[in-house]
Amino acid sequence: MTIVFVSIHIEKSPPAFPLAASILQTAVEESPGLKNCKADTREFYMLSTPSEIAGELTRSKASVFGFSVYTWNASSVIETVRLMKKQNPDLQFIAGGPQVTAVPDEFRKTGLFNLIVEGEGEAAVPAWLQNQEQTEPAIFDFEKSSSPYQRLLSEKKYKGLLWEVSRGCPYNCAFCYESRGSKSIKEIPQQRQILELKLFREKEIEKIWVLDPTFNHNKKHAEDVLQRIIKYNPEAHYTFEIRAELMNEPLCSQFSELSASLQIGLQSTDKQVLKSVNRSLDAGKFLQKCRMMSSWGLTYGIDLIYGLPFDTIKKFLKSVDYAVDAGPNNIDIFPLSVLPGTELANKIEEWELNNEGFPSYTVTGNSHFPAADLKRAAEITHGCNELYNKEQAFPWFRTVLKALKVPASVLFEKYAKKNKDKDDVIGFLSHEFNSAGKASLFGVIESFILWSRTAEAAFTNPGTTFQVQLCRRPEMLDELAETDVESFLRKHPASKLRKYQIIFDGRELYIN
Ligand code: SF4
């Protein structure tokens with residue numbers, strides 16, 4: 001018997017990595033009772049039609065196919081299986097993954113699948129292949145499993161990958177699939193983590209997304225994993241999901257030894273909104289921890305969601321302004337997706353969570369957050385992406401806000417509207433300073449922005465020399481991150497336009 005585990009990714013990108021399929025392939029190969037079973041994996045992208053995917057899978061001559069199903073590939077999987085089954089009714093199909101775990105009955109109703117896996121598949125799939133009855137959801141023990149990476153990385157070259165270090169989340173955010181999973185946390189055994197880190201280094205993997213829903217929920221766990229990374233593979237770039245309130249100086253120190261991006265789910269700052277989705281926020285502590293991360297030079301981003309229960313446009317604007325004040329490198333804002341099977345999806349009527357349905361389940365408005373306000377929030381999101389994220393504005397953005405005396409959300413909204421006229425950032429801000437009667441402050445702001453842009457370009461292109469014309473010395477301009485423009489001009493009144501050459505040699509930044 002041959003079984004093929006199928007991944008259908010959204011698009012070609014480093015995080016599009018067939019981890020679930022490889023884990024299942026390894027589990028089948030290691031099952032003593034499945035010595036005669038050959039397991040394989042196949043990868044596709046949403047660009048391929050179900051008939052193209054069905055055609056290629058049929059040519060594989062396997063008799064059993066297992067699919068990892070997510071919200072965005074569910075219809076593609078169902079249509080692919082329908083086509084394959086029509087051509088050969090003897091084929092057998094397995095469906096598993098977050099979408100199946102969330103709404104198993106929807107998949108049962110299709111009548112297409114021979115096995116529906118709710119939760120982990122490493123024990124359930126081999127057991128089913130051996131015709132063992134499963135009365136309880138099968139729980140898998142990491143201590144008994146092998147790494148899926150060895151074979152995968154020997155067969156194909158990947159620049160980036162998903163690295164699972166633990167499974168399960170102790171929190172229960174009402175909008176999240178994870179909240180339906182296990183509350184107990186299972187960690188990959190230490191020796192296996194070390195072997196995997198060594199393998200990633202040998203295979204020159206550049207980017208690693210650490211799969212651990214809240215990496216620092218347990219400080220000891222986080223410190224130990226970071227210690228292993230620093231010892232066995234410090235060269236790659238790592239991305240972690242963390243909780244800001246749980247950060248401390250030792251963790252900051254460890255993260256600062258790595259090239260790392262930390263992503264923080266803030267979602268909203270409003271107490272009522274957060275309570276409705278089983279979250280909370282200590283606003284003072286959150287800001288204090290963000291300042292601490294900034295002082296260590298860490299790269300961190302903040303996620304926000306608009307359209308949650310009780311959310312309003314006013315509350316959303318406050319959340320955006322607060323997020324900017326926390327000084328992150330990027331702010332990622334999303335409209336709420338009411339994912340099937342989550343706690344929120346079960347309260348659609350109670351909380352008027354009208355949504356577009358499959359595949360995005362994006363909110364479409366309610367009495368708190370009408371459609372017109374959702375449109376406005378989307379526009380502010382666009383302004384934030386263009387003016388803050390793409391521009392990498394975090395070093396200078398709060399100085400600009402202080403000088404103009406406007407909240408970030410107002411500037412994002414104005415930029416989103418102006419941007420339709422293709423106004424660039426310098427042109428837009430020059431106009432804003434002129435309109436506010438503060439044109440005299442803009443010269444030094446412009447130099448601060450140009451200096452930030454040039455330093456960023458130098459850091460991302462080591463060995464390349466960049467030229468920039470500034471009205472003050474770069475190290476003097478850096479003071480603007482901590483002070484207001486008026487005080488700066490009083491301290492440094494003399495202005496002289498001069499060209500500077502900037503180069504980063506991989507270790508130090510040189511300014512001539
Ligand atoms: S949003 Fe994050 S913290 Fe909340 S349940 Fe999901 S994974 Fe856990």
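**Overall fold, helix packing and ligand shell**

Among contacts in the protein between residues at least 6 apart in sequence, 72% join residues at least 24 apart, two residues being in contact if their C-beta atoms, placed from the backbone, lie within 7 Å. The structure is a predicted model, in which local features need pLDDT of at least 70, side-chain atom pairs count only at pLDDT 80 or more, and totals for chains, interfaces and linings use all residues. Residues are numbered from 1 along each chain as its sequence is written.

The protein has 20 helices and 16 strands (DSSP runs of H or I with at least four residues, and of E with at least two, numbered from the N terminus). Its C-alpha atoms fill a box of roughly 80 × 55 × 40 Å along the principal axes. Of the 512 residues, 38% are buried, that is, have 20 or more other C-beta atoms within 10 Å of their own.

Helix α14 (residues 371–390) packs against helix α16 (residues 408–418) at an angle of about 90 degrees, with the axes 7 Å apart; axes are lines fitted to C-alpha atoms over the stretch in contact, and angles run from 0 to 180 degrees between N-to-C directions. Helix α14 is therefore roughly perpendicular to α16 (65 to 115 degrees). Residues making the contact include Ile380, Cys384 and Leu387 of α14 and Leu411, Phe412 and Tyr415 of α16.

Ten residues surround the ligand, the closest being Cys169, Cys173, Cys176, Glu178 and Pro213; a residue is near a molecule if its C-beta atom, placed from the backbone, lies within 6 Å of it.

How values were computed
Angles under 35 degrees count as roughly parallel, over 145 as roughly antiparallel, 65 to 115 as roughly perpendicular and the rest as oblique. A residue is buried if 20 or more other C-beta atoms lie within 10 Å of its own, exposed if 12 or fewer, and partly exposed in between; C-beta atoms are placed from the backbone.
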